[in-house]
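Work through the exercises below with the sequence and the 3D structure open. Try each task before reading its solution.

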Amino acid sequence: MASHPLDGHPAHLEHHFVSSEQQFDAAKMGMWLFLITEILLFSGMFVLYTVYRSWHPEVFALVSEVLDWRMGGFNTLVLLASSFTVALGIHYAQKNDNRKLIINLVLTLIFALIFLVVKYFEYTGKFAHGIYPGAAFDPHGIVDGLDYAKYNVPYAAQFFSIYFVMTGIHAFHVIVGIGVFIWITLRASRGEFSAAYYTPVELTGLYWHLVDIIWIFLFPLLYLI
Amino acid sequence: MSATAQDASINFLNYDKSLKSWLFTKDHKRIGLMYLVAVSIAFLAGGILALLVRLELLGPGETIMGPDQYNQSFTLHAVLMVFAFIIPAVPAVFGNFVLPLQLGAKDVAFPKLNLASFYIYLIGVVIAMSALLVGRIDGGWTFYAPYSERVGDSILYVTTGVFVMGFSSILTGLNFIVTVHKMRAPGLTWNRLPLFVWSIYATAIVQVLATPVIGITMVLLFLERFLSIGIFDPALGGDPVLFQHFFWFYSHPAVYIMILPAFGIVSDLIGTFSRHRVSGYLFVALSSVAIAFLGFLVWGHHMFVSGQSATSSIVFSLLTYLIGIPTGVKVLNWVTTLYKGSISYKTPMLYALMFLFTFSIGGFTGVMVGVLGIDIHLHDTYFVVAHFHYVMMGGSVIAGLGALHYWWPKMTGRMYNERLGKIAATLVFFGFNLTFFPQFIMGSRGMPRRYYDYLPEFQQMHQLSTYGSWVLGVGLFMILGYLLMSLKTGKKAPSNPWGALTLEWTHTTPLPHPHNFTQTPVVVRGPYDYHLVPEMFENAAEDGSVKSVHDVSQPAS
């Protein structure tokens, strides 16, 4: 018979769970399932990429030159670093070190913001030369002796549609992540997390790793090959 | 709040009757009932539209509405029935209400998320229906590009609504999977789970894995409309068949979201009302999972004439046949369960038996349209319309009606009128078959689906179908009437009127507040082990009360 933990009932334990372990396990499993739905959401777009790439490989090879691999590579490093700091944050939460938890959360937030700033410059750089998704696609202008007009080939617009949709939805996930990190940092500053209860930190970390991993796939597919 | 000393007269329905306590409840039972009200309204609206569509088809030419209104009516009927009614209906209503009880759990794993998914569903329905205020919605529920992108902005409200309702579906599925994994009572092993739980579990897997794909499809459709991203529209360099692949990758598995819970209901009903262990328990349980898995591999059978390659059509056709195997396993096991059972023909059981007939017809005709050569002939005819109504209405809705009658005493604490129940069930059975069987015949003779007008030689069949819809309508309105009446005048329900063995019935009626189980139950036997407890049913016939399974002496083993 399961005992009812009325005495010494921890504040974070919800009424319908028997134990903190059960609650933690359930929350973690729920998060993994959510991540699976995210992967499926993105896999729809990866299928789109694969289909159009296999139909028009030469167009994809030509127009992917427009994307600056240095900016994309820098952003990859930024996201990898942020994944590292969030993992450290979980580690310090487990060690009951609230100060270091907060430091790492704030660092993660800063990295996420840097990623968005770089993305902003990438996007506006493209827009300045008429590189828009879909029907508005109208490349023009000359940079460093490179005439953008040469990218005005059939199905180049599809490449940039896919580029903007995929990176745009990814960036949306980064923005959501920033919101969640602000909330988690505030809770951490109120001292809500400890070795006994750090579920929200762990789950946010899982989410953030997913955002990172999706970028790890986006970067080579769009920028490099 | 202490759960030890509960007042027996306080239950989840009456502990607080304010509207606020309902709207902000995190109790899975109340959320289930709110879903019941919401999907019933959607069903009523969609049903009235169906009656109007049938009425229009009573004669060739204009009968009660013009072609434009006709197109809008059947589109709205389909959108309401598919997205607002049948996808949430069984999982969200009965899954919410029954699943935690059958698991011996106090609630689902994430009660707040559960309430959130209810409101997300409502918001989705409101967005979709606001299309009516903006303009006409046309093009059917499949939103095929590029037509859906050119027909006007109002269809975008519908697709956005579908996108939002998808979140609700995902969150419900996610919640149920975690609940089944983590919230089972001690002793409730996987092979002691009621088959309803198994089927909800399989459904939830489909909900979680398929729904994100329709989400991204709707986003792409939206972007294509506003930014002309040129993915689906051939005028912009896109590919319309790609849209169909994306759409059916969700929407075929979605068919199993609709039908799998019905399988679970029928298993429970047949086991309970034939007082017999469901034969081939493990096969019935795992065939749900097999159907969920295979359901992801057959979407191309909707596109045999859409211009996909002949090779992929052959592969999809073969995979479609495979679905018939786990489905056949189920039907045969239900029939063997009846064999040598002590069958009692209560209303829920009538629906379960009805299901065996109507669903089998729907299933067999499904294999027929999966045959490439036959499909070329039957594609986009009334044959297909009849097939999926036999599966969706003859399968899901009829099983859902069985479930509604079966769990009504547990949900409301009242008994419905058994005599009226049987009359209505008979009307539904005959009305349903009269409505849809003629559609098989006219479909096989070439009557195309969705057409506003038809040749005079089809009139007889169309008339039969329309008359059938009236009988069906009378039956369904009768059910609505006597169920609502039972809330006022129905007899107080005993805790286990059917003598069932699953955990929700061995609990008091109505269920207590704040927790389902004052004592966590310990499960010592399977869900249909009637042969172990004959003494439970000795006095079940007279006053409807049976001893709790926990009062029964343990069998020596």
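**Exercise 1. Describe how α13(B) and α14(B) pack.**

Solution. Step 1: take the angle and the distance. Helix α14 covers residues 418-444 of chain B, and α13(B) packs on it at an angle of about 165°, with the two axes 8 Å apart. Helices here are DSSP runs of H or I with at least four residues, strands are runs of E with at least two, and both are numbered from the N terminus. Axes are lines fitted to C-alpha atoms, for helices over the stretch in contact, and angles run from 0 to 180 degrees between N-to-C directions.

Step 1: classify the angle. Under 35 degrees counts as roughly parallel, over 145 as roughly antiparallel, 65 to 115 as roughly perpendicular and the rest as oblique. α13(B) and α14(B) are therefore roughly antiparallel.

Step 2: The crossing of α13(B) and α14(B) is left-handed, that is, the near helix is turned anticlockwise from the far one by less than a right angle; clockwise would be right-handed.

Step 3: look at the residues. Those making the contact include B:Phe383, B:Tyr390 and B:Met393 of α13(B) and B:Phe432, B:Phe436 and B:Phe440 of α14(B). Two residues are in contact if their C-beta atoms, placed from the backbone, lie within 7 Å. By class, the contact of α13(B) with α14(B) has eleven nonpolar, seven polar and no charged residues. Nonpolar means Ala, Val, Leu, Ile, Met, Phe, Trp, Tyr, Cys and Pro; charged means Asp, Glu, Lys and Arg; the others, Gly among them, are polar.

A note on the model and the numbering: this is a predicted model, in which local features need pLDDT of at least 70 and side-chain atom pairs count only at pLDDT 80 or more, while totals for chains, interfaces and linings use all residues. Residues are numbered from 1 along each chain as its sequence is written, and chains are lettered from A and ligands numbered from 1 in the order in which they are written.

**Exercise 2. Is B:Asp233 buried or exposed, and which residues does B:Asp233 touch?**

Solution. Step 1: B:Asp233 sits in the loop between α7 (195-227) and α8 (240-273) of chain B. Step 2: B:Asp233 is buried because 22 C-beta neighbours lie inside 10 Å. The cut-offs are 20 or more other C-beta atoms within 10 Å for buried, 12 or fewer for exposed, and in between for partly exposed, with C-beta atoms placed from the backbone.

Step 1: apart from neighbours within four places in sequence, B:Asp233 is in contact with B:Ala145, B:Pro146, B:Glu149, B:Glu224 and B:Gly238. The C-alpha atoms of B:Asp233 and B:Ala145 are 6.5 Å apart, although 88 residues separate the two along the chain. Step 4: check the backbone there. The peptide bond from B:Ala145 to B:Pro146 is cis, with omega near 0°. B:Pro146 belongs to the loop between α4 (111-134) and α5 (147-150) of chain B.

**Exercise 3. Where do B:Lys340 and B:Asp380 lie, and what is the phi of B:Lys340 and of B:Asp380?**

Solution. Step 1: most residues other than glycine have a negative phi. Step 2: B:Lys340 has a positive phi of about 65°, and B:Asp380 has one of about 55°. Step 3: B:Lys340 is in the loop between α10 (310-338) and α11 (347-369) of chain B; B:Asp380 is in the loop between α12 (372-378) and α13 (382-412). Step 4: B:Lys340 is exposed, as 9 other C-beta atoms lie within 10 Å, while B:Asp380, with 14 C-beta neighbours inside 10 Å, is partly exposed.

**Exercise 4. How many residues of chain A are in contact with chain B?**

Solution. Step 1: 28 residues of chain A are in contact with 32 residues of chain B. Step 2: α1(A) gives the most to the side of chain A that touches chain B, with 15 residues. Step 3: that side of chain A has 18 nonpolar, nine polar and one charged residues.
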